[in-house]
Each structure stands twice: as C-alpha cells, then as structure tokens.
Amino acid sequence: MASHLGCKQLSRTEQNSWESDIRDREVVESALDGIDVVFHEAAYGGYMPEISKFVAVNSLGTAQLLEIVREKNLAIRKIIVASSQVVYPEGAGECPQHGLVFPGLRPVEQLRRGDFSVRCPACQIPTKSVPTPEFAPLGGENGLRNHKGGSGKTRAHVG
Ligand SMILES: NC(=O)c1ccc[n+]([C@@H]2O[C@H](COP(=O)([O-])OP(=O)(O)OC[C@H]3O[C@@H](n4cnc5c(N)ncnc54)[C@H](O)[C@@H]3O)[C@@H](O)[C@H]2O)c1
Ligand SMILES: [Zn+2]
C-alpha cells in the first residue's frame, strides 16, 4: 500500500485516501499506519515570497514525516522524495580538456558582461551541457536547494 498526501482540506474521502496538511502530525501519523512505500510529493511554492510557509510545509513537513517513521519504528520500506535539478547548480558540463565537470553557479559579474556560458571550473573554457548524473555534487544558493539538498541528506541518514 502506498500513501500520498496532497491538498490542504482535511477529509477522509475513502478508506485508503487522505487529503490533508502535511504539517498536521496526527493526520500524517494516521496516513502512515500500515504503509510500506511513501511517495512524498506534497510541496508548497518554489520561488514564493511566503518564506516561513515554504519552510514549514516543505522542510518541516518532510522532517516531521521522517521523524514519525523513525519514532514509531514504522515498517516503511521506501520513501520516494521528489527532488529538483536546482540542487545541481548549473548541471554537468563537458570540457574538451577535463571531460565531465560540475561547474558552480555562474558569477554575477560574468552574467552582467552578457557572458552566459557555463565554464569549466578548472580551465574556464565554455563547456557543453550534458545530462547530470545523480552522483553530481550538491550545491546552489537558494531556499529550494537548501530544502531539497537537506531533505535528501536527511533521508539518507534515516534510511
Ligand atoms: N513540476 C516540476 O517541474 C518539478 C521539477 C522538479 C521537482 N519538482 C518537485 O516535485 C514536487 C511536487 O511538485 P509539483 O510540481 O507536483 O507541484 P504541485 O504544486 O503541482 O503539487 C504539490 C501538491 O502539494 C499540495 N500541498 C501544498 N501544500 C500542502 C500542505 N501543506 N500539505 C499537503 N499538501 C500540500 C498541493 O495542493 C499540490 O497538490 C515538489 O517537491 C517539487 O519541488 C517538480
Ligand atoms: Zn576544463
């Protein structure tokens, strides 16, 4: 059985279907009862101005879910968490000299000059964009990245 929390209005529409707020500890506890796989897709915002709500729903909501699983020693086998490409600053690049590289964020000064190329961190040659593998290092400098990177690391520790 899988659990999927979404929407904010609390109601039990059918025996195995819950619509609730992920911040509501009691409801999350009930929803996790007897579950072995969790697909965690509940999320608020992205680049929204309501920062505290963003953190409460996304970070606290995820942390509390993991906490409940751990505290109650639930028999959850897997938690599937939707991450984001934002955790991988500019994604992977291919440098003619250094092969697969993982450039950090482009400096503001470079962008102000109108140079939007993603350059190799070792030799500064513009890279060719290539698919980003999952083992790419985490980075970035915004709230979404902090939440996504943080929940990914927490999940790894819990699991
Ligand atoms: N859509 C994309 O392109 C994309 C890309 C990368 C990552 N993601 C990630 O996928 C996840 C889901 O995003 P999405 O695009 O499906 O967004 P979405 O807004 O379509 O879905 C989020 C769901 O969460 C629900 N929700 C909001 N606040 C809630 C709360 N307090 N309690 C319970 N549910 C709540 C919303 O009602 C909605 O049903 C997010 O973590 C997002 O960062 C999405
Ligand atoms: Zn290089």
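**Exercise 1. Burial and surface**

Find what percentage of the 159 residues of the protein count as buried, and what share of the accessible surface belongs to carbon and sulfur atoms.

Solution. The model is a predicted one. A residue is buried if its relative accessible area is under 20%. By that cut-off, 34% of the 159 residues are buried. The accessible surface of the protein amounts to about 10,000 Å². Carbon and sulfur atoms account for 51% of that surface.

**Exercise 2. Order of the elements**

State how many helices and strands the protein has, and give their order from the N terminus.

Solution. There are four helices and eight strands. Read from the N terminus, the elements follow the order β-β-β-α-β-α-β-β-β-α-β-α. As for contacts between residues at least 6 apart in sequence, 59% join residues at least 24 apart.

**Exercise 3. The zinc site**

Identify the protein donors of the zinc ion (ligand 2), and work out why their arrangement is tetrahedral.

Solution. Step one: the donors are Cys-95 (SG), His-98 (ND1), Cys-120 (SG) and Cys-123 (SG), at 2.1 to 2.3 Å from the zinc ion. Their spacing along the chain is C-x2-H-x21-C-x2-C. Step two: four donors count as tetrahedral if all angles lie between 85 and 135 degrees. The angles subtended by the four donor atoms are 102 to 113°, so the arrangement is tetrahedral. For comparison, the ideal angle for four tetrahedral donors is 109.5 degrees. Step three concerns exposure of two donor residues. Cys-95 is buried because its relative accessibility is 3%, whereas His-98, with a relative accessible area of 38%, is partly exposed.

**Exercise 4. A glycine in a loop**

Locate Gly-139 and decide whether Gly-139 counts as buried or exposed.

Solution. Gly-139 sits in the loop between strand 8 and helix 4 (143-158). Its relative accessibility is 15%, so Gly-139 counts as buried. In sequence, Gly-139 and Val-87 are 52 residues apart; in space, their C-alpha atoms are 5.6 Å apart.

Notes: Residues numbered from 1 in each chain as written. Chains lettered and ligands numbered in written order. Predicted model: local features only at pLDDT ≥ 70, side-chain atom pairs only at ≥ 80, totals over all residues. Heavy atoms only, no water. Donors = N, O, S within 2.8 Å, 3.2 Å for Na, K, Ca; no water. Tetrahedral: all angles 85-135°; square planar, octahedral: opposite > 155°, others 65-115°. Buried < 20%, exposed > 50% of the residue type's maximum accessible area, 1.4 Å probe, protein only. Helix = DSSP H or I, 4+ residues; strand = E, 2+ residues; numbered from the N terminus. Contact = heavy atoms within 4.5 Å. Areas by Shrake-Rupley, 256 points an atom, 1.4 Å probe, with all protein chains shown as cover.
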